[in-house]
Amino acid sequence: MRISKPYLRSTSIQCYLCLLLNSHFLTEAGIHVFIFSCISAGLPKTEANWQDVISDLTKFETLMQSIHIDATLYTESDAHPSCKVTAMRCFLLELHVIWEESNNPEIKETVENLSTLANSNLSSNGNITESGCKECEELEEKNVKEFLRSFIHIVQMFINTA
């Protein structure tokens, strides 16, 4: 995941300073608003993209080779491009199964990061409703290796349409 350098927006600081100096805002609450605004303006911004998801999936694949998880997961093998958001949501739900079954902290951390990145990217698509797509429970159950291969394929569908 790539984190850009924090920076302060001078115009927003000026606006908050103007409000603070306004006589009815010069209270303890106004000062707190100003301080919290300055702090939040300086927090790092997270810029996630699908390439970051691919990187984490590759790392996850490497981790999974060293640990055996005997699970079958609902896997969309040949999703139609018009069903890619639905397929991605199914993959994210199944990632949670891996998170539950694993005792390895590195795998848990990678799954959490993958979920966060993918959900962040999905949220940029808004609340897209796709019709005619399979429900997660209707998908074929496959082993973790096949699941990851299909997951990467779905992410590449998002990259190719971006």
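I began with the lining of the largest pocket: α3 (50-66) and α6 (144-161) each supply at least two of its residues. Helices are DSSP runs (H or I, at least four residues), strands likewise (E, at least two), numbered from the N terminus.

This is a predicted model, where local features need pLDDT of at least 70, side-chain atom pairs count only at pLDDT 80 or more, and totals for chains, interfaces and linings use all residues. Residues are numbered from 1 along each chain as its sequence is written, and side-chain values use heavy atoms, with hydrogens and water left out.

I then listed the pocket lining, which includes Glu61, Met64, His68, Asn143, Val144, Lys145 and Leu148. By class I noted 6 nonpolar, 3 polar and 2 charged residues.

Next I turned to α6. I looked up its buried residues (under 20% relative accessible area, 1.4 Å probe, protein chains only). Among them are Val144, Phe147, Leu148, Phe151 and Phe158. The buried residues of α6 pack against α3, β3 (73-75), α4 (84-101), α5 (105-123) and β4 (140-142); contact means heavy atoms within 4.5 Å.

At the start of α6, I found a side-chain oxygen of Asn143 within 3.2 Å of the backbone nitrogen of Lys145.

Last, I checked α4. Its buried residues include Lys84, Met88, Phe91, Glu94 and Ile98. The cover over the buried residues of α4 includes α3, β3, α5 and α6.

Methods:
1 Å grid on protein atoms, 1.4 Å probe; cavity = no way out; pocket = protein on both sides within 12 Å on 5 of 7 lines; lining within 4 Å. Nonpolar A, V, L, I, M, F, W, Y, C, P; charged D, E, K, R; others polar. Buried < 20%, exposed > 50% of the residue type's maximum accessible area, 1.4 Å probe, protein only. Polar contact = N/O pair within 3.5 Å; in protein donor to acceptor, adjacent residues only side chain to side chain.
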